[in-house]
Amino acid sequence: MNLVLKIFFASIEFSAMIIFSLSLFRFQYKYYLFKIYGTALLMSLVTYYFREFTELKDLAILPTVSTQIILIMLIYRIPFFYSTLLCICGYIGGSVIEVFLMIAGVNLQLFTGMELRQSALAMGVVQITTAVLLTFTTFLLQRRKIGFLFKTKYLTFKTALKGYNFILSAILVLSVILVHFELSSFNQSSFSITLTLIMGGIFLTGILIAYKHNKTIIRETYERPVKDELDRAIRKQNNKNHS
């Protein structure tokens with residue numbers, strides 16, 4: 001029963017995390033809620049299989065995130081690198097919120113690290129709270145129409161090691177490594193506020209780089225053609241005046 005509750009609470013948190021990441025990149029999710037929850041449930045099963053039944057619990061993040069990346073790639077028919085960027089940004093954002101809640105709860109003596117590991121209800125409170133905060137953030141993103149709108153051709157596997165994408169790739173790898181260390185700390189019933197702050201800083205850095213990259217794409221897609229057309233019209237008018 002304890003394991004069933006852990007899987008259920010985790011699936012709620014993963015659902016909110018996926019919807020947050022989709023909203024961050026301006027993807028529609030209302031028509032895919034069933035598939036999103038199915039993805040979240042599968043992620044939960046994979047997570048607790050590795051944590052409870054294998055000796056690889058510290059590496060649970062890898063198959064969990066890989067499951068999300070592959071399924072989002074198939075559901076939305078986007079390139080692998082695009083799906084990786086989307087999924088890891090959402091995962092890091094959710095992980096930072098979750099760890100801060102854990103640290104706050106331990107410092108306020110609401111629960112201990114051991115209780116978080118063993119009690120489905122204690123961990124469930126953290127996961128549901130994380131889901132609520134992510135849902136509220138998603139609501140703000142939707143209401144303010146905030147997010148990134150990338151063109152698929154700029155985020156293919158071939159361009160993953162070029163320009164801004166190279167920096168984004170490095171941040172993704174570093175983020176996964178940091179989450180791995182944070183997960184190892186959790187499994188040892190200890191938390192590092194410094195590591196969590198670094199994770200948050202890297203997440204914000206990645207968002208800033210993605211924002212600049214998004215502005216460049218929008219400028220090349222919309223503003224430059226308008227400017228070129230305006231320049232052609234001016235040259236055409238000048239030619240008429242000279243003739």
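**Figure 1. The whole protein at a glance.** Of the 243 residues in the protein, 44% are buried (buried means under 20% relative accessible area, exposed over 50%, partly exposed in between, with a 1.4 Å probe and protein chains only). This is a predicted model, where local features need pLDDT of at least 70 and side-chain atom pairs count only at pLDDT 80 or more, while totals for chains, interfaces and linings use all residues. Residues are numbered from 1 along each chain as its sequence is written, and side-chain values use heavy atoms, with hydrogens and water left out. You'll find eight helices and zero strands here (helices are DSSP runs of H or I with at least four residues, strands are E runs of at least two, and both are numbered from the N terminus). Among contacts with a separation of 6 or more, 78% are between residues 24 or more positions apart (contact means heavy atoms within 4.5 Å).

**Figure 2. Inside the largest nonpolar core.** This core has 36 residues, and Leu-22, Phe-25, Phe-27 and Tyr-76 have the most contacts inside it (a nonpolar core is a set of buried Ala, Val, Leu, Ile, Met, Phe, Trp, Tyr and Cys residues joined through side-chain atoms within 4.5 Å). Helix α1 gives the most, with ten residues. Setting aside neighbours within four places in sequence, Leu-22 touches Phe-27, Tyr-29, Ile-36, Tyr-76 and Leu-86. Another core of six residues lies apart from the largest one, and Phe-111, Leu-116, Met-123 and Val-126 are among its members. In soluble globular proteins, nonpolar side chains tend to be buried together.

**Figure 3. A nonpolar patch on the surface.** Phe-8, Tyr-37, Leu-41, Leu-42 and Leu-45 make up this patch, with about 400 Å² of accessible area together (patches are made of residues with over 30% relative accessible area and no salt bridge; like charges are joined within 9 Å, nonpolar side chains, namely Val, Leu, Ile, Met, Phe, Trp and Tyr, within 5 Å). Helix α2 (residues 33–53) brings the largest share, four residues. Leu-41 sits in that helix and counts as partly exposed because its relative accessible area is 32%.

**Figure 4. Leu-71 and its contacts.** Leu-71 is part of helix α3, and it is partly exposed at 23% relative accessibility. Leaving out neighbours within four places in sequence, Leu-71 is in contact with Thr-39 and Leu-42. Lys-35 is 36 residues from Leu-71 in sequence, with their C-alpha atoms 9.0 Å apart.

**Figure 5. The salt bridge between Lys-6 and Glu-52.** The count comes to one salt bridge (a side-chain nitrogen of Lys or Arg within 4 Å of a carboxyl oxygen of Asp or Glu). Lys-6 pairs with Glu-52, and their closest N and O atoms are 3.4 Å apart. The two are 46 residues apart, with Lys-6 in helix α1 and Glu-52 in helix α2. Lys-6 is buried, with 9% relative accessible area, whereas Glu-52 is partly exposed at 39%.

**Figure 6. Glu-13, buried without a salt bridge.** Glu-13 belongs to helix α1. Glu-13 is buried but has no salt bridge, and Arg-51, the nearest side chain of opposite charge, is 7.6 Å away (Lys and Arg count as positive, Asp and Glu as negative; His and the chain ends are not counted). Beyond neighbours within four places in sequence, Glu-13 contacts Glu-98, Gln-127, Thr-130, Ala-131 and Leu-134.

Note on methods:
Areas by Shrake-Rupley, 256 points an atom, 1.4 Å probe, with all protein chains shown as cover.
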